[in-house]
Amino acid sequence: MINIAVLGHGVVGSGVVQLLEKNRESISRKAGADICVKKILDLREFPGLPYAEKFCTNFGEILADPEIRVVVEVMGGTHPAYDYAASALKAGKSVVTSNKELVAAKGHELLRLAGETGQNFLFEASVGGGIPIIRPLHQCLGANEIDEIVGILNGTTNFILTKMIREGMGFGDALGIAQELGYAEKDPTADIEGHDTCRKICILASLAFGSHVYPTSVDTRGITQISAEDVCYAQSIGRVIKLLGHARKIGDKCEIWVGPAMIERDSPLAGVEDVFNGILVRGDATGDVVFYGKGAGGLPTASAVISDIIDCVTAEGTIVSLHWAGADDSKLAKPGELPTTRYLRCKGKGFDTVECVLGKVNPLHRPDKPDDELAFIAPAMSGSELEQKLSQLGVHGVEVAGNIRIWGQGEI
């Protein structure tokens, strides 16, 4: 029998306990031993549960118990999650987590510590919920040099954008529905401002490119400024708007960004709708490989957590393919350094002024367009150059209301 402890009894933690019991026979067969939850750490009391006697409020009890081999951290945040994870590894216990904030901030340190202690720090559930992506990156696609990763990594924002695309809703109305249905938190900042997506693409980029990428190093933009007008203009050129996390190698550097992008309607990511996630990985041997499924939820995430528990139980020492070095910002392209093609929506009059400042643009049209609305695809240029030119437009009375990246190889 393998004893484990679960830190946190929220949606994911309770899902782990439930799924271990529901699928006990098949999980035990795959692990080669019965997996038993011996302790559950939570400050709350759950007297009505059949396993209420397993709860404790003192992490020290778990740390001191030599029978507990794996600690499952599903509390969220970095404190006290980091201290608990580090202490468990030092005590000779492997750690499994679904905590993307912890992995994005402290992944390198905890992986190094796992290697030093002969344990494992596994985090399949930190990106994509129930979608397998971490293990495929470091094992199944291990023969590849990864050239690019691009993904729809947040179900809340994807649901909002789907409502805007399908039903012509404004952002505020779509957000309200997401909150009513429980897809968005009361404070949705981490989702709609892109922070959640940023943490996830940092984890994927760290693993794919070999050195830790901190979220503070990534140009991150959310979807709060996306309007129904922008959605309509995207449709006019055969594209849809998605919030993307993007990482790619360019020469000896890596470009990473998070933000809304207009993608071609025939892209495999364009059809990823509602709360689903999709991740495209481009390898030099495999070409494009796409992963799709539910990116959140108690049982899908618990499924990924338990797959990591099985790996911890069956692994002979540290899994060496899951690692990356410390941060090296010299390998990161600076935000705005590389040329990008962008869609711009402006208030003002006259393409003559626009083209005088930006050069030749590709004008766009939509039904019932106001006379003072200008929408177009601007020539590719660096972010710093674009900012300078947008300031010049402001001097000429042209105000920028929409600014969205164009992603994909199709003609505009």
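Biologist: Leaving aside neighbours within four places in sequence, which residues is Ile-279 in contact with?

Modeller: Ile-279 is in contact with Val-127, Ile-133, Ile-149, Val-150, Gly-151, Leu-153, Leu-204, Leu-269, Val-289, Val-290 and Phe-291, once neighbours within four places in sequence are set aside. Bear in mind that this is a predicted model.

Biologist: Where is Ile-279 found, and is Ile-279 buried or exposed?

Modeller: Ile-279 is in strand β11, residues 276-283. Buried means under 20% relative accessible area. Ile-279 has a relative accessible area of 0%, and therefore counts as buried.

Biologist: How do I read Trp-257, and in which strand does Trp-257 lie?

Modeller: Trp-257 lies in strand β10, which spans residues 253-264. Its relative accessibility is 4%, so Trp-257 is classed as buried. Beyond four places in sequence, Trp-257 touches Val-218, Asp-219, Leu-244, Gly-245, His-246, Arg-405 and Trp-407. Lys-200 is 57 residues away from Trp-257 in sequence, and their C-alpha atoms are 11 Å apart.

Biologist: Now the sheets. What is the order of the 6 strands in the open sheet?

Modeller: The general idea is that strands of a sheet pair through backbone hydrogen bonds, in a parallel or an antiparallel way. In this model the 6 strands are ordered β3-β2-β1-β4-β5-β6, and their pairing is parallel. The edges are β3 (55-56) and β6 (121-122), each of which pairs on one side only.

Biologist: How many bridges join the strands β1 and β2, and how many join β2 to β3?

Modeller: Parallel strands β1 and β2 are joined by 6 bridges; Ile-4 has Val-37 in β2 as its bridge partner. Between β2 and β3, also parallel, there are 2 bridges, and Leu-41 is partnered by Cys-56 in β3. Elsewhere in the sheet, β4 (residues 68-73) runs parallel to β5 (residues 94-97), with 4 bridges between them. There, Val-70 has Ser-94 in β5 as its bridge partner.

Biologist: Which helix packs on the sheet, touching β1 and β2?

Modeller: That is helix α1, residues 11-22; it touches β1 (2-7) and β2 (35-41), and its direction makes about 155° with that of β2. Helix α4, residues 81-90, lies across β1, β2, β4 and β5, and runs at about 150° to β5.

Biologist: Why is β2 described as largely enclosed by the rest of the structure?

Modeller: Because 6 of the 7 residues of β2 are buried.

Biologist: Next, helix pairs. At what angle do helices α7 and α8 pack?

Modeller: Helix α7 (residues 155-167) and helix α8 (residues 171-180) pack at about 130°, and their axes are 9 Å apart. An angle of this kind makes α7 oblique to α8. Their crossing is right-handed. From α7, the residues at the contact are Phe-159, Ile-160, Lys-163 and Met-164; from α8, they are Phe-171, Ala-174, Leu-175, Ile-177 and Ala-178. By class, that contact has 8 nonpolar, no polar and 1 charged residues.

Biologist: How do the axes of α5 and α10 cross?

Modeller: The axes of helix α5 (residues 100-117) and helix α10 (residues 195-209) cross at roughly 50° and come within 9 Å. That makes α5 oblique to α10. The crossing of α5 and α10 is left-handed. Lys-100, Glu-101, Val-103 and Ala-104 in α5 meet Asp-196, Arg-199, Lys-200 and Ile-203 in α10. The contact of α5 with α10 has 3 nonpolar, no polar and 5 charged residues.

Biologist: Last, backbone geometry. Which peptide bond is cis?

Modeller: As a rule, most peptide bonds are trans, and most residues other than glycine have a negative phi. The bond from His-79 to Pro-80 is cis, with omega near 10°. Pro-80 lies in the loop between β4 and α4.

Biologist: What is the phi of Asp-274, and what is that of Asp-368?

Modeller: Asp-274 has a positive phi of about 55°, and Asp-368 has a positive phi of about 60°. Asp-274 is in the loop between β10 and β11; at 25% relative accessibility, Asp-274 is partly exposed. Asp-368 is in the loop between β14 (362-363) and β15 (373-381). With a relative accessible area of 76%, Asp-368 is exposed.

Methods:
Residues numbered from 1 in each chain as written. Predicted model: local features only at pLDDT ≥ 70, side-chain atom pairs only at ≥ 80, totals over all residues. Heavy atoms only, no water. Axes fitted to C-alpha atoms, helices over the stretch in contact; angles between N-to-C directions. Parallel < 35°, antiparallel > 145°, perpendicular 65-115°, else oblique. Left-handed = near helix turned anticlockwise from the far one by under 90°. Contact = heavy atoms within 4.5 Å. Nonpolar A, V, L, I, M, F, W, Y, C, P; charged D, E, K, R; others polar. Pairing = 2+ DSSP bridges. Buried < 20%, exposed > 50% of the residue type's maximum accessible area, 1.4 Å probe, protein only.
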